[in-house]
Amino acid sequence: MLETKIANPVLLLVDDEPANLRVLKQLLSQQYQLVFARDGYEALEIASMRRPDLILLDVMMPGMTGFEVCESLKSNEVTTHIPVIFVTALTEDMDEAKGFEVGAVDFITKPISPAVVKARVKTHLSLVRAEALMESRLHVVQRLGRAAEYKDNETGMHVMRMSHFSRELALAYGLSEEQATTLLHAAPMHDIGKIGIADSIMLKPGKLTDEEFKDMQRHPEIGAEIIGDCGDSLLFKVAKSVSMTHHEKWDGTGYPKGLKGEEIPIEGRICALADVFDALTSKRPYKEAWSIEKAVEFIQSQKGKHFEPKLVDLLVAMLPKIVEIKEAFKEIE
């Protein structure tokens, strides 16, 4: 049986005083892998090669100050993501302000408190792990969204456009930057349920029969089932909601639940409009792309029916931005 062991996080300790490095080594060596640098130039070289999980960095060093080292780390795409904690005898507010300005995440003052050092290191490594987990969840969402595109005979450009439309609509509606970005990342999952629909229906070139269309209408619930229990992941909760509600209509005639008005979550209302607008203005095997003008005219005719009136007005008002997104993610011939 293959056994694997998750390695301890790697910390880079940078200080020109050997005594300070010995103190930190004694304090941290039981829980972490440690690498050491005696000056800024060596620190930059090691950081690029080893890519540590966290850097503890002295400020006052000969040749290159900690502030300069941090600036260099943050300007290099290989090391920019590595959190830096300054360990320094400097205590002036202006020194802390300078540190945060160049990209540090925290300050520890000398002489160090062992409890403080351990707590700060643990906290920032936890944040690194949380960010890595978010990135992995995002990757899963994007890959599943891509799988649905293959099933639907579409390119990745459709989900890219409708996701960015959704983000811009969310911001215009008044949602926060964080909420809008979450929707941007969740929107690609809107049609994941199509994986569970038979190819004979999904790839049929002609009009679906009533029975086939009824089967097609199962894909929102299939999508919600595929995403499953979301636990504490906001990204997956929003993705599940989008999958389940992007075919609901403002007047209650949509599916699968026949939700009406604000019974439909805002993420479902936004993605419904973004999805339809891009579908109308994109070429498909069974139709030519509509002009922006024709699509807008149709969407305005569905104001208060299929779509929330406020969202329709926002879409019309932000058409230049929408067109810009369409051009940025246009199909490759």
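Trainee: Which residues does Asp58 touch, not counting residues up to four places away in sequence?

Mentor: First the idea: contact means heavy atoms within 4.5 Å. Here Asp58 touches Val14, Asp15, Asp16, Gly66, Phe86, Val87, Thr88 and Lys110, with residues up to four places away in sequence left out. Keep the source in mind: this is a predicted model, where local features need pLDDT of at least 70, side-chain atom pairs count only at pLDDT 80 or more, and totals for chains, interfaces and linings use all residues. Residues are numbered from 1 along each chain as its sequence is written, and side-chain values use heavy atoms, with hydrogens and water left out.

Trainee: Is Asp58 buried or exposed?

Mentor: Cut-offs first. Buried means under 20% relative accessible area, exposed over 50%, and partly exposed in between (1.4 Å probe, protein chains only). Asp58 has 5% relative accessibility, so it counts as buried.

Trainee: Where is Asp58 found?

Mentor: Elements are DSSP runs, numbered from the N terminus: helices are H or I with at least four residues, strands are E with at least two. Asp58 is in the loop between strand 3 (54-57) and helix 3 (66-75).

Trainee: What does UniProt list for Asp58?

Mentor: An unreviewed UniProt entry lists Asp58 for "modified residue: 4-aspartylphosphate". UniProt positions are given in the numbering used here, feature names are shortened, and annotations may be inferred rather than shown by experiment.

Trainee: Lys110 was among the contacts of Asp58. What is the peptide bond from Lys110 to Pro111?

Mentor: Read omega. The bond is cis, with omega near -5°. Pro111 sits in the loop between strand 5 (106-109) and helix 5 (114-152).

Trainee: Which residues does the cis peptide bond with omega about 10° join?

Mentor: Tyr255 and Pro256. Pro256 is in the loop between helix 11 and helix 12. Lys257 is found in that loop too, between helix 11 and helix 12 (266-280). At 53% relative accessibility, Lys257 counts as exposed. Neighbours within four places aside, Lys257 is in contact with Glu221, Met244 and Glu248. Lys257 and Pro220 are 37 residues apart along the chain, and their C-alpha atoms are separated by 10.0 Å.

Trainee: What about Leu234: where is its place?

Mentor: In helix 11 (residues 234-245). Leu234 has 49% relative accessibility and counts as partly exposed. Met134 is 100 residues away from Leu234 along the chain, yet the two C-alpha atoms are separated by 9.8 Å.

Trainee: And in which helix does Arg167 lie?

Mentor: Helix 6 (residues 156-173). Arg167 is buried, with a relative accessible area of 17%. Beyond its neighbours within four places in sequence, Arg167 is in contact with Glu177, Ala180, Thr181 and Leu184.

Trainee: What is phi of Arg51 near?

Mentor: Near 50°, a positive value in a residue other than glycine. Arg51 lies in the loop between helix 2 (40-50) and strand 3.

Trainee: Now the whole chain. Why is it described as more spread out than a compact globule?

Mentor: Start with the count: 15 helices and 5 strands. The radius of gyration is 26 Å, well over the 20 Å that the globule rule gives for 333 residues, so the chain is more spread out than a compact globule. That radius is taken over C-alpha atoms, and the rule is 2.2 Å times the number of residues to the power 0.38. Along its principal axes, the C-alpha trace spans about 80 × 55 × 40 Å.

Trainee: How many of the 333 residues count as buried?

Mentor: 46%.
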